[in-house]
Amino acid sequence: MSGIIRFAPSPTGYLHEGHLLSALYVWAAAKKWDLKVHLRIEDHDQSRARPAYIAGIREDLAWLGFRYDSESIQSARNSIYEAALHKLEAKSLVYPCYCSRKQLQEENPKSETGEIVYQGKCFYRREMWFDKRSLWFDRLTNLMPKCTNLDKRPEMREKNKDTACAEHCRSKPAEVNQMEPHNLRFIVPNRFIDWHDLRLGDFHENPKLQCGDFPIRDRENQWTYQFAVCVDDIDENITHIVRGEDIRNSTARQIALMQALGRTKLPIYLHHPLIFDTNNKKLSKRELAHSLRQDKEAGITPEMLFGRVLHKALHTEKNAPISLNDAIYITMQSLP
Ligand SMILES: [Zn+2]
């Protein structure tokens, strides 16, 4: 087998034990299946990404001894995301959503995993997205119901299209983007998606029932995780995706989005178990905030960290220092 696998941390903090376990799985898979490793720095959320954390990812990987073949950073790829958005627009697969967080909570049911399942309240604006004037008019009607120049009757709206509100509100259709924060949702096909996980087996899931149409660009005009990751996985020719079980729920919706963007051959998936603490609970925020570089500063070596993480995650017998090569070899044994 050959191909490319990615290690894709977000620079919203320093690397912690969870990242280290993920890295061991990624590099073990690369070794076992003869793959190149691509480092992708997922800084799509510019409000939380920090330059110090970006530098920290590279420094920590070098300190631990993980070498990769190529690297990309999402904040440098805006034009690629724009082009992907145009692809979806050309297929009429996006629409603006003006629902507030409160509205989303109150107006939509939740899935069994507690996720909001968006019911498509703003779907009717799908056509308007291509006709900014009608979108502008639609918003104006909602925003300024008291404006005397506006008439709620559709035929009057049509008649007043060019003149209504011009003197009152002086908004131009081109300004619709600035009028109010909105996200842009991807229209999820209402069908079941069959996909396979090398460790967990077969899945048969309908993202329409899991989350509904989901945002590809958020209210702050930032690309969402789901969108950026799909565009990157296509553009960077990623053939294998090995990541934590906590993201497993995203897989069906990512497949739907990748297919809409034109990808036909799907990546091979493996979702690895997460690290649990001694009480068999997921690591707490505090434990996750404890960074590898804090350990480094306290005099702990990479070998001690490998031993500790594998003891916690794979229940190796002893919590004793081991080399990176041995740690990768042990992790390989838990791959199919
Ligand atoms: Zn909405």
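Modeller: In this predicted model, helix H14 passes helix H15 in a left-handed crossing. On the H14 side the contact is made by Pro302, Phe306 and Leu310, and on the H15 side by Leu324, Ala327 and Ile330. Sorted by type, the residues of this contact are six nonpolar, no polar and no charged. H14 covers residues 302-313 and H15 covers residues 324-333; the two pack at an angle of about 15°, and their axes are 9 Å apart. Angles under 35 degrees count as roughly parallel, so H14 and H15 are roughly parallel to each other.

Now the core. The largest nonpolar core has 39 residues, and Leu20, Leu24, Val26, Trp27, Ala29 and Val309 are those with the most contacts inside it. H14 and H15 are among the elements that give two or more residues to this core. The others are strands E1 (3-7), E2 (35-41), E9 (240-244) and E10 (268-272), together with helices H1 (17-33) and H2 (51-64). H1 supplies the largest share, 10 residues. In soluble globular proteins, nonpolar side chains tend to be buried together.

Note on methods: Residues are numbered from 1 along each chain as its sequence is written. This is a predicted model: local features need pLDDT of at least 70, side-chain atom pairs count only at pLDDT 80 or more; totals for chains, interfaces and linings use all residues. Axes are lines fitted to C-alpha atoms, for helices over the stretch in contact, and angles run from 0 to 180 degrees between N-to-C directions. Helices (H or I, at least four residues) and strands (E, at least two) are DSSP runs, numbered from the N terminus. Angles under 35 degrees count as roughly parallel, over 145 as roughly antiparallel, 65 to 115 as roughly perpendicular and the rest as oblique. A crossing is left-handed if the near helix is turned anticlockwise from the far one by less than a right angle, and right-handed if clockwise. Two residues are in contact if their C-beta atoms, placed from the backbone, lie within 7 Å. Ala, Val, Leu, Ile, Met, Phe, Trp, Tyr, Cys and Pro count as nonpolar, Asp, Glu, Lys and Arg as charged, and the others, Gly among them, as polar. A nonpolar core is a set of buried Ala, Val, Leu, Ile, Met, Phe, Trp, Tyr and Cys residues joined through C-beta atoms within 7 Å. A residue is buried if 20 or more other C-beta atoms lie within 10 Å of its own, exposed if 12 or fewer, and partly exposed in between; C-beta atoms are placed from the backbone.
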